[in-house]
Each structure stands twice: as C-alpha cells, then as structure tokens.
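Me: Please walk me through this model, feature by feature. I would like the general idea, then the case at hand.

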Amino acid sequence: MLRFKRARFGLCLLLSLAVFSLPGCIGARMGVSWPSVGLITINGEQNIALAYNNDIAILNPANGAPLRLINPLNGAAMLDSENNPRSWILRGSDFGGAQFYSLPVIVDGETMLVAANSGNLLKVDSVVVDVTRTIQLDDKVVANVLVVEDILYVPYQNGGLSARSMVDYREVWRFHTEEGIWATPLLAGDMIIVASVDHHLYALDRNSGQKIWSVDLGGSVASMPLLANDRLYVGSFNKNFFEISLDGEILSSYDTQNWVWGTPAIDENGIIYIADLSGYVHALDSGNNLQAIWSNQIAERGIRAGPIVYMDRVIVASRDGRVYWLDRRDGVLINSREIDNRPELLGDMLLLEPNETLNIDVPLLIVSSVDEGRLLIAFEVDGRQTWVYPR
C-alpha cells in the first residue's frame with residue numbers, strides 16, 4: 001500500500017494542481033477546489049456563508065440569493081455606481097487576488113475576519129463589505145479558523161497552529177507541526193485538538209500552546225475529529241478509523257476500504273457513520289469497540305464529505321455527482337438525486353433546521369459542488385430540490 005510516510009510529497013502534488021495517484025483519491029483545495037459552507041449571523045439573522053476560490057458570499061437560506069446590503073442609517077438598499085442593488089459578496093480580485101478556503105468569523109456586529117490563502121488575515125466591515133485592515137500571517141490557510149473567547153486559532157497550510165489575540169491580532173503562541181493542518185481545530189474542554197497531515201493528532205493547552213499529548217495514526221489526518229461521549233473519533237489516510245480517549249489513548253480502530261477524509265456523524269444511540277474514498281458508508285457501534293453494524297458500497301466514486309444523520313436517514317454526497325439517502329438501520333438505499341452534469345460533490349454538507357433566526361419553513365440540506373453554475377444546491381430532506389446558487 002502506498003501511503004504518506006511524510007506528507008510533503010502529497011502536499012507538493014496538491015499545490016501543483018495534480019491529483020493523487022491512488023485510485024479513489026482526490027485533488028487539492030487549490031485548483032481542484034471545493035466550497036466551504038457554514039452559518040453566520042448578520043443583522044440578527046442567520047445566513048449561509050460560502051467561501052470559494054476568489055469570493056466570499058453571504059446568502060439567504062430561503063432562496064440562495066446573495067444578501068442585499070442595507071444602509072443602517074435609513075434602511076434603504078445600497079446601490080452601486082449604476083444604481084443597482086449591492087449584494088454581500090467579497091471579491092478577492094479587489095484585494096490583491098486573494099483566494100478563500102476558510103469561512104469568515106464574526107468579531108462584532110459590524111466586523112468579521114477572513115483568513116485568505118494569500119497569507120493574510122482580512123478585517124472586513126460587514127455592512128459595506130470592505131477590507132479595513134490587513135494582518136500579515138506567516139503562511140497560507142486552507143482550513144477554517146477557530147475562535148475561543150478572545151483568541152483566534154489559525155491552522156497553517158504548511159504546518160503549525162498560531163494563537164492570536166482578538167484584541168490586537170499579535171501572536172500569543174505557536175505550535176509547530178511537521179506538515180500542514182487542513183482541518184479546523186477542535187475545542188475539547190481546555191484543550192485544542194489539532195489534526196495534522198504529519199499523521200498525528202495533537203492535544204494542546206489552549207492557553208499556553210503546550211503539547212499535552214500526541215498520537216500517531218499511521219496516515220495523514222485531514223478532518224476535524226468528532227467529539228462525543230468524552231471520546232474523539234477520526235479517520236486517517238491509512239484506511240483506518242479510530243476511537244481515542246481524551247488523554248490520547250487509542251481505544252478502538254476499524255479498517256475501512258479507503259481513506260476517511262470527512263468528519264463522522266453520530267446518532268442518539270451512539271452509532272457512528274463514516275464514509276470513505278471508495279464510496280462505502282459504514283455504521284459503527286461506539287459502545288462496542290467500533291463493531292460494524294453495516295458497511296455498504298453506495299456510490300460509484302469516493303465520498304469525501306462527512307455524512308449527515310437526520311431522523312431515520314443517513315445522507316452522503318459523492319464524487320459521482322449524486323446525493324444518497326440511506327436507511328440508517330441497515331444502510332439500504334432509499335433515494336438518490338443526480339445533480340445536473342454530475343459535478344463532483346466534495347465539500348461538507350450543511351443541514352438547516354427552522355429556528356427563530358433562519359428564514360426557512362422546512363429543514364434544508366445544503367450540498368456544494370465544483371460546478372460554478374451550481375455551487376450550492378438546496379434540497380428538502382426528502383430530496384426535493386428547492387434552489388441553486390450559481391457563482
């Protein structure tokens with residue numbers, strides 16, 4: 001089996017816009033990029049934040065349309081030079097050709113921070129969508145940053161985690177890793193859990209950056225672990241999935257068919273659902289040493305994104321351009337939807353349930369693709385398509 005002894009080889013392939021040579025593997029965030037999607041609160045309402053290549057857009061969950069900019073003084077729509085309503089889109093082409101793979105984080109009601117792949121941290125006025133300050137970072141960023149109280153944790157593409165003050169953005173501490181960090185850091189009590197391409201999972205003191213423990217998982221780790229039941233659950237690129245205690249002991253492991261890239265999901269019964277890059281979906285019992293309940297090959301191609309569990313369904317999106325709904329009891333296929341032209345579905349999905357700050361009446365599943373004509377596709381949870389967002 002070919003695997004990364006050191007991930008520098010794989011990283012160079014990614015940065016050169018190539019794809020991995022192993023069957024079922026995928027290329028980089030760069031060149032073969034996929035959108036990052038999440039929720040962000042603006043003007044007291046939750047909206048969809050989308051980061052993709054040169055743009056960041058804030059979208060209305062009800063219809064996928066970019067949020068209109070409103071003058072806070074008179075409540076009127078802001079207009080551009082041609083008297084057209086302005087939309088909430090931050091274009092990297094206006095700021096030195098910046099590219100974005102990391103979602104923005106809120107500083108206060110009118111300010112957000114965006115980590116750019118150019119190696120800068122941009123302070124953005126979210127009312128007029130303008131960069132008011134640029135803070136130089138020491139490396140590029142391809143994963144989401146993490147904010148805990150007054151500290152911003154920045155994972156670097158080529159290695160290391162930087163903790164920066166949210167007051168003046170100075171670096172408070174730095175933790176070195178031998179290779180890159182492509183996953184969002186995870187808060188676990190007073191620890192920051194860091195997954196690295198150098199094969200290790202690290203636990204750091206969140207105040208000092210001192211290493212509490214590390215564990216070698218035998219292959220690159222490119223996803224944020226799941227924290228559940230005082231355990232960490234994470235897959236690696238050596239075709240293994242692990243259950244790890246909060247003191248760094250590997251408690252159980254499970255052999256998969258291929259690399260596990262996405263963050264797993266868990267249901268109320270402690271059943272964990274993972275997907276791998278051979279198109280398999282696995283259901284594992286967290287109460288019984290990750291014993292397999294079922295394991296089915298669902299997709300024609302690999303599944304990079306983590307599954308979503310909703311009611312009696314498990315939902316996965318594949319490189320084959322399809323979304324699949326499975327019965328979570330036995331993994332039997334219930335429904336599937338093929339996206340027009342079958343673009344690769346690589347980004348993590350987002351499940352939105354109606355609440356006081358979301359302008360939707362029914363739960364929505366948000367799926368991202370690499371097709372700029374349909375970057376985001378919204379489905380009702382039964383598979384009916386409701387809207388599409390093109391770039």
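**Strands, spaces and confidence**

Reply: Start with a strand pair: β11 (residues 161-165) and β12 run antiparallel and are joined by four bridges. Helices (H or I, at least four residues) and strands (E, at least two) are DSSP runs, numbered from the N terminus. Two strands pair if DSSP finds at least two bridges between them. This is a predicted model: local features need pLDDT of at least 70, side-chain atom pairs count only at pLDDT 80 or more, and totals for chains, interfaces and linings use all residues. Residues are numbered from 1 along each chain as its sequence is written, and side-chain values use heavy atoms, with hydrogens and water left out.

Me: Which residue in β12 does R164 stand opposite?

Reply: R164 stands opposite E171.

Me: What is the strand order of the open sheet that holds β11 and β12?

Reply: In general, strands of a sheet pair through backbone hydrogen bonds, either parallel or antiparallel. Here the order is β9-β10-β11-β12, with antiparallel pairing. β9 (146-148) and β12 (171-175) are the edge strands; each has a single partner, so one side of each lacks a neighbour in the sheet. The twist from one strand to the next averages 20°. Axes for such angles are lines fitted to C-alpha atoms, for helices over the stretch in contact, and angles run from 0 to 180 degrees between N-to-C directions.

Me: How many residues lie between β5 and β6 in their hairpin?

Reply: Two residues lie between them. β5 (residues 105-108) and β6 (residues 111-116) run antiparallel, joined by three bridges. I106 has its bridge partner in β6, namely M112.

Me: Which residues line the largest cavity?

Reply: First the terms. On a 1 Å grid over the protein atoms alone, a cavity is a set of points where a 1.4 Å probe fits but cannot get out; a pocket is an open set with protein on both sides within 12 Å along at least five of seven lines; lining residues have an atom within 4 Å of a point. Grid points are joined across faces, edges and corners, and a volume is the space filled by probe spheres set on the points.

The structure holds one cavity of 30 Å³ or more. The largest cavity has a volume of about 40 Å³. Its lining is L50, Y52, D55, I56, A57, L375, Y389 and R391. β2 (45-52) and β3 (55-59) each supply at least two of the lining residues. The largest share, three residues, comes from β3.

Me: How does that lining divide by class?

Reply: Ala, Val, Leu, Ile, Met, Phe, Trp, Tyr, Cys and Pro count as nonpolar, Asp, Glu, Lys and Arg as charged, and the others, Gly among them, as polar. The largest cavity has six nonpolar, no polar and two charged lining residues.

Me: Which residues lie nearest the centre of the second largest pocket?

Reply: I42, N43, L67, R68 and I70, out of 14 lining residues. Seven are nonpolar, five polar and two charged. The volume of this pocket is about 200 Å³.

Me: Where does pLDDT stay under 50?

Reply: pLDDT is the predictor's confidence in each residue, from 0 to 100. It stays under 50 over residues 1-31. Where pLDDT is low, the predicted coordinates should not be read in detail. The chain's mean pLDDT is 90, and 92% of its residues reach 70 or more.

Note on methods:
Contact = heavy atoms within 4.5 Å.
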